[in-house]
Amino acid sequence: MEAKYTYLLINFFTILLPFATSFEKKLNFYGKWKYYFPGMFFTAAVFLLWDYFKTKHGVWGFNDQYIIGLKFFGMPIEEILFFITVPYSCTFIYVSLSWFFANHTFKFYPSRILLAISVISLIASFFLIQKAYTFSVLFGAGLVTPLLIRIITTHQLQLFIFTYIVSLFPMAIVNGLLTSLPVVIYDNTENLNVRIGTIPVEDFIYSFLLLAMNIGLYEWMKSKAEPQF
C-alpha cells in the first residue's frame with residue numbers, strides 16, 4: 001500500500017465501526033441522522049474555514065507524502081473528510097452512552113466544571129495571543145462552552161463530559177498517527193510546543209471544541225423537533 005493513502009485510510013478506519021453499528025436497532029443512530037447532520041455540516045464549515053486560514057498562514061500544514069494530492073482551496077480532501085469521520089465517531093460514542101445511561105442520574109454539576117473551563121480558557125487566551133493556535137482554541141472554547149451549557153440539559157452535559165473522556169482513547173490513536181508520522185506538520189512558534197506523546201496539547205482543546213459544537217447542535221436540533229413534556 002502506497003504511503004499517499006495513509007490519511008485517507010485513517011479517516012476510513014475512524015468511521016468504519018461507528019458507521020456499521022449505527023444501524024443497530026436499539027441504538028438507532030441511523031434514525032437520528034436528521035438531527036445530527038445539519039449541525040455536523042455547520043460545524044465542519046466553521047472548522048474548515050478556520051483550518052483554511054491556519055494552513056494559509058503556516059500555523060500547520062500537510063505532508064504530501066501521506067495524502068493523495070486532491071485539494072480544494074489548498075485543503076487536502078482527507079482534511080475535509082476528517083471533519084466528517086471524527087465528529088461522527090465521537091457523536092456515536094455520545095449516542096451510545098446516552099442509550100446506556102438513559103435512566104441513570106449522576107451526582108455532579110457539569111455546568112460548574114464547564115463554566116470554570118470557559119473562564120480559564122478566555123483569560124488564558126489573552127495571555128497567549130501571540131500563539132495563533134493556542135489563542136484560537138482557548139478563545140473558541142471560552143465562547144462555545146457557555147452556549148453549550150445554555151442549549152442542552154444537565155444530564156446531556158454530564159454525558160458530554162463522559163463522551164469527551166472516552167473519546168480521548170481513539171483520539172490518542174488517530175492524532176498519534178497524524179502527528180507521529182507526521183501527516184500534519186505544526187509550526188511550533190504558533191503553539192506552546194508542549195506535547196503529550198507526539199500530540200500538541202492544543203489538539204485536546206481543539207477536540208473538546210469540535211465535540212462541543214457537534215453534540216450541542218445535535219441535541220438542540222432534537223429539542224426543536226421532538227415534543228417537550
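Trainee: In which element does Thr134 lie?

Mentor: Thr134 lies in helix 5. Helices here are DSSP runs of H or I with at least four residues, strands are runs of E with at least two, and both are numbered from the N terminus. This is a predicted model, in which local features need pLDDT of at least 70 and side-chain atom pairs count only at pLDDT 80 or more, while totals for chains, interfaces and linings use all residues. Residues are numbered from 1 along each chain as its sequence is written, and side-chain values use heavy atoms, with hydrogens and water left out.

Trainee: Is Thr134 buried or exposed?

Mentor: A residue is buried under 20% relative accessible area, exposed over 50%, and partly exposed in between, using a 1.4 Å probe and protein chains only. Thr134 has 2% relative accessibility and therefore counts as buried. In the protein as a whole, 48% of the 229 residues are buried.

Trainee: Which residues does Thr134 touch, apart from those up to four places away in sequence?

Mentor: A contact requires heavy atoms within 4.5 Å. With that exclusion, Thr134 touches Leu128, Glu190, Asn191, Leu192 and Glu202.

Trainee: How should I read the largest nonpolar core, and which of its residues touch the most other members?

Mentor: In soluble globular proteins, nonpolar side chains tend to be buried together. A nonpolar core is a set of buried Ala, Val, Leu, Ile, Met, Phe, Trp, Tyr and Cys residues joined through side-chain atoms within 4.5 Å. The largest one here has 59 residues, and Tyr7, Phe47, Trp60, Phe160, Leu178 and Tyr206 touch the most other members. Among the elements giving two or more residues to this core are helix 1 (6–21), helix 2 (33–56) and strand 4 (184–186).

Trainee: Where is Phe47 placed, and what does it touch beyond residues up to four places away in sequence?

Mentor: Phe47 belongs to helix 2 and is buried, because its relative accessible area is 1%. Outside that sequence range, Phe47 touches Phe83, Tyr206, Leu209, Leu210 and Met213.

Trainee: How many helices and strands does the protein have, and what is its radius of gyration?

Mentor: There are seven helices and six strands, in the order α-α-β-β-β-α-α-α-α-β-β-β-α. The radius of gyration is taken over C-alpha atoms, and the globule rule is 2.2 Å times the number of residues to the power 0.38. For 229 residues, a compact globule would have a value near 17 Å, and the protein's 18 Å agrees with this. The C-alpha trace spans about 50 × 45 × 30 Å along its principal axes.
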